[in-house]
Amino acid sequence: MALSLPGEQSVTAGSSYNPVRILVRWIKNAAANRRRGVALRALSELEPHLLRDLGISRSDITDAHQATGARTPAMVLNAARARSAQM
């Protein structure tokens with residue numbers, strides 16, 4: 001067992017493991033992912049000329065569906081719109 005100096009907190013004292021918070025966060029993330037999926041599906045059902053007016057293509061929507069990690073679907077679609085605007 002390690003000794004602590006007065007005023008030091010142990011690592012476990014600083015962590016806030018709360019299963020209810022974790023569950024609520026998971027539910028919020030799941031709901032956000034569902035809304036995002038519904039929006040992307042709605043975009044994919046638009047006519048090609050409407051997608052062109054928005055500055056995106058079906059392949060951009062597919063890329064947004066597959067976005068993971070730091071790349072969010074919004075980032076993918078915004079980058080596609082920026083590329084389209086430069087043309």
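1. Start at Asp-60. Leaving aside its neighbours within four places in sequence, Asp-60 is in contact with Val-76, Leu-77, Ala-80 and Arg-83. Asp-60 itself sits in helix H4. The model is a predicted one, and these contacts should be read as part of that prediction.

2. Is Asp-60 buried or exposed? Asp-60 is buried, since its relative accessible area is 11%, and the cut-off for buried is under 20%.

3. One of the contacts of Asp-60 is also a salt bridge. The partner is Arg-83, and the closest N and O atoms of the pair are 3.7 Å apart. Asp-60 belongs to helix H4 and Arg-83 to helix H5 (residues 73–86), so the bridge ties together parts that are 23 residues apart in sequence. Side chains of opposite charge can pair when their charged atoms come close. By the rule used here, the count comes to one salt bridge.

4. Arg-83 is partly exposed, with a relative accessible area of 47%. Asp-60, by contrast, is buried.

5. Now the helix pair that holds the bridge. Two packed helices are described by the angle between their axes and the distance between the axes. For H4 and H5 the angle is about 155° and the axes are 8 Å apart. Therefore H4 is roughly antiparallel to H5, because angles over 145 degrees count as such. The crossing of H4 and H5 is right-handed.

6. Which residues make the contact of H4 with H5? From H4 come Asp-60, Ile-61, Asp-63 and Ala-64. From H5 come Pro-73, Val-76, Leu-77, Ala-80 and Arg-83. By class, the residues of this contact divide into six nonpolar, no polar and three charged.

7. Val-76 is placed in helix H5. Val-76 is buried, with a relative accessible area of 6%. Not counting residues up to four places away in sequence, Val-76 touches Asp-60, Asp-63, Ala-64, Ala-67 and Arg-71.

8. Helix H2 (residues 19–44) and helix H4 (residues 58–65) pack at an angle of about 165°, with axes 10 Å apart. That angle makes H2 roughly antiparallel to H4. The handedness of the crossing of H2 and H4 is left-handed, whereas the crossing of H4 and H5 is right-handed.

9. What meets what between H2 and H4? Gly-37, Leu-40, Arg-41, Leu-43 and Ser-44 in H2 meet Arg-58, Ile-61, Ala-64 and His-65 in H4. The residues of this contact divide into four nonpolar, three polar and two charged. Ile-61 and Ala-64 are named in the contact of H2 with H4 and again in the contact of H4 with H5.

10. Last, the chain as a whole. How many helices and strands does the protein chain have? The chain has five helices and zero strands. Read along the sequence, its pattern is α-α-α-α-α. Buried residues make up 16% of the 87 residues; Asp-60 and Val-76 are among the buried ones. Among contacts between residues at least 6 apart in sequence, 33% join residues at least 24 apart.

Key: Residues are numbered from 1 along each chain as its sequence is written. This is a predicted model: local features need pLDDT of at least 70, side-chain atom pairs count only at pLDDT 80 or more; totals for chains, interfaces and linings use all residues. Side-chain values use heavy atoms; hydrogens and water are left out. Axes are lines fitted to C-alpha atoms, for helices over the stretch in contact, and angles run from 0 to 180 degrees between N-to-C directions. Helices (H or I, at least four residues) and strands (E, at least two) are DSSP runs, numbered from the N terminus. Angles under 35 degrees count as roughly parallel, over 145 as roughly antiparallel, 65 to 115 as roughly perpendicular and the rest as oblique. A crossing is left-handed if the near helix is turned anticlockwise from the far one by less than a right angle, and right-handed if clockwise. Contact means heavy atoms within 4.5 Å. Ala, Val, Leu, Ile, Met, Phe, Trp, Tyr, Cys and Pro count as nonpolar, Asp, Glu, Lys and Arg as charged, and the others, Gly among them, as polar. A salt bridge is a side-chain nitrogen of Lys or Arg within 4 Å of a carboxyl oxygen of Asp or Glu. Buried means under 20% relative accessible area, exposed over 50%, partly exposed in between (1.4 Å probe, protein chains only).
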